[in-house]
Amino acid sequence: MNDYAGQHEVISENMTSQITMDLARYVQELKQERKSNFHDGRKAQQHIETCWKQLESSKRRFERDCKEADRAQQYFEKMDADINVTKADVEKARQQAQIRHQMAEDSKADYSSILQKFNQEQHEYYHTHIPNIFQKIQEMEERRIVKIGESMKTYAEVDRQVIPIIGKCLDGIVKAAESIDQKNDSQLVIEAYKSGFEPPGDIEFEDYAQPMKRTVSDNSLSNSKGEGKPELKFGGKSKGKLWPFIKKNKSPKQQKEPLSHRFNEFMTSKPKIHCFRSLKRGLSLKLGATPEDFSNLPPEQRRKKLQQKVDELNKEMQKEMDQRDAITKMKDVYLKNPQMGDPASLDHKLTEVSQNIEKLRLEAQKFEAWLAEVEGRLPARSEQARRQSAMYDSQNPPAVNSCAQDRESSPDGSYTEEQSQESEVKVLATDFDDEFDDEEPLPAIGTCKALYTFEGQNEGTISVAEGETLYVIEEDKGDGWTRIRRSEDEEGYVPTSYVEVYLDKNAKGAKTYI
């Protein structure tokens, strides 16, 4: 399974380096080219509109001058026909009419020139400028389609390279599944959790009709006391050894229940499923606990765990160093002012803190060495492209042997009670604690709406229906997955492209990749 997941990580890394980054750069170039073409189109449109306005203005001026010339000619003819008008007035009217006619001729020539220029500009606009702009946009789109085709071919090559390895991984998974031996697994569980108790022997007949002292079988479950007799024990070494289904009596006057009652209670009780999960975790502790260097995890998940451990150790070391600095300052104060305290009283605490710092430093160096080893094997890539899959984060939970936490192991292999009288044997108790019940749920940082229906069939994913509204608890880190929650007990990952995310403005890291 680790190799199978590793091949998918290889596909993701190759797609990021060979396809995604190249396409992102190409898209930026296309945006700039598209913007430039649209700018040229708007510029040509504005130019033709300006020419049209000039043509309309010259046309109106020519029309106005022609009307003024006609009125001046009519006025001159009227003055010339009137015998009462002086010769000077007639000459003045004739000169005014000539001026108006000349202005009309000038306006006509100007209008004709602007009209010819506009027709020429309009012809170039519709037959040269606009076709060239559309041709550039068409060529740009054709190049974009060709680039998409090349990217698809590159993806096919990347996928084809790992198909043989994935086939071998799947064959290995099938082989491992077929090699499961359920009987042997059951025997391992039995060997890990067998109690070592012997069944009780037969109970002897006690004749109450005869005046004789009653005896108690050494193997009897009853633990009656006779006068003047010491308390009978179950054999010396295992003092207080009990049958697994019988609880310890807290009161000396309380009689133990018969075995049949306890057996009936065991048969009728319905244990919670938490017990079997805890049993599995307890078995993992006995058969092989999680290694300290997390070598059982895939490379990427192992690197995350080691980095988290190094960060925790550095934080603890910083706290210890701050405490050492505070103690040192306090000691200096005591040296300057002896009446405030004895400086020698802080030497022991200062030594203890220094030892803790040294232990944490060695521990951090050990984990940093493992981390450097892992990072040396992983291929170099950008932080944004690191895959953060929820599948491995949910695997390999810390194993806790909750079923056997209240018992101690005796030297002969059997279990004995703890010294406290409040503890009881809880082999099949129905109130087991699971470590997942104690985890704090992640806070919601926004909401999202499902754009399409998604069937979450893999571990760590969740199914959503189109149009459904859910809470976002972890944004996309660059791997194409967003973590969402439907209710307190139902959460998982969905593809980011399947949902529309509305992040809270006050939430930290309000950013997503869609």
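Which residue in β7 stands opposite threonine 447? Tyrosine 502 in β7 is the residue opposite threonine 447. The model discussed here is predicted.

**Overall composition**

Eight helices and seven strands make up the secondary structure of the protein. Of its 514 residues, 26% count as buried. The protein exposes about 36,300 Å², and carbon and sulfur atoms supply 52% of that area. Among contacts in the protein with a separation of 6 or more, 67% come from residues 24 or more positions apart.

Strand β3 covers residues 446-450. In a regular strand the side chains alternate between the two faces of the sheet. In β3 the covered face holds Gly446, Cys448 and Ala450, while Thr447 and Lys449 belong to the uncovered face.

Strand β3 is joined to two strands named here. Four bridges connect β3 to β4 (residues 469-474), and the two run antiparallel. In that pairing, cysteine 448 of the covered face stands opposite leucine 470 in β4. Five bridges connect β3 to β7 (residues 499-503), again with antiparallel strands. Here threonine 447, on the uncovered face, has tyrosine 502 in β7 opposite.

**Aromatic pairs**

The count of aromatic pairs comes to seven. A pair of aromatic rings is described by the distance of the centres and the angle of the planes. Phenylalanine 62 and tyrosine 111 form a stacked pair, because their ring centres are 5.9 Å apart and their planes lie at 10°. Phenylalanine 62 lies in helix α1 (residues 2-81) and tyrosine 111 in helix α2, so this pair ties together parts that are 49 residues apart in sequence.

Phenylalanine 454 and tryptophan 481 have ring centres 6.3 Å apart and planes at 70°, so they count as edge-to-face.

Is phenylalanine 454 buried or exposed? Phenylalanine 454 is buried, because its relative accessible area is 13% and the limit for buried is under 20%. Tryptophan 481, at 27% relative accessibility, counts as partly exposed.

Serine 151 has its place in helix α2 (residues 87-178). With residues up to four places away in sequence not counted, serine 151 touches Ile19 and Leu23. Serine 151 is buried, with a relative accessible area of 12%. Lysine 147 lies over the face of tyrosine 26, at 5.7 Å from the ring centre.

**Cysteines and accessibility values**

How many disulfides does a search of the whole structure find? The search finds zero. Cysteine 51 is buried, with a relative accessible area of 6%, and cysteine 169 is buried as well, at 12%.

The table collects the relative accessible areas of individual residues.

| Residue | Relative accessible area | Class |
|---|---|---|
| Cysteine 51 | 6% | buried |
| Serine 151 | 12% | buried |
| Cysteine 169 | 12% | buried |
| Phenylalanine 454 | 13% | buried |
| Tryptophan 481 | 27% | partly exposed |

Conventions
Residues are numbered from 1 along each chain as its sequence is written. This is a predicted model: local features need pLDDT of at least 70, side-chain atom pairs count only at pLDDT 80 or more; totals for chains, interfaces and linings use all residues. Side-chain values use heavy atoms; hydrogens and water are left out. Buried means under 20% relative accessible area, exposed over 50%, partly exposed in between (1.4 Å probe, protein chains only). Two strands pair if DSSP finds at least two bridges between them. Contact means heavy atoms within 4.5 Å. Accessible areas come from the Shrake-Rupley method with a 1.4 Å probe; for residues, only the protein chains shown count as cover. A disulfide is a pair of cysteine sulfur atoms within 2.5 Å. Rings of Phe, Tyr and Trp (its six-membered ring) pair if their centres lie within 6.5 Å; planes under 30 degrees apart count as stacked, over 60 as edge-to-face and the rest as tilted. A charge sits over a ring if NZ of Lys or CZ of Arg is within 6 Å of the ring centre and within 35 degrees of the ring normal.
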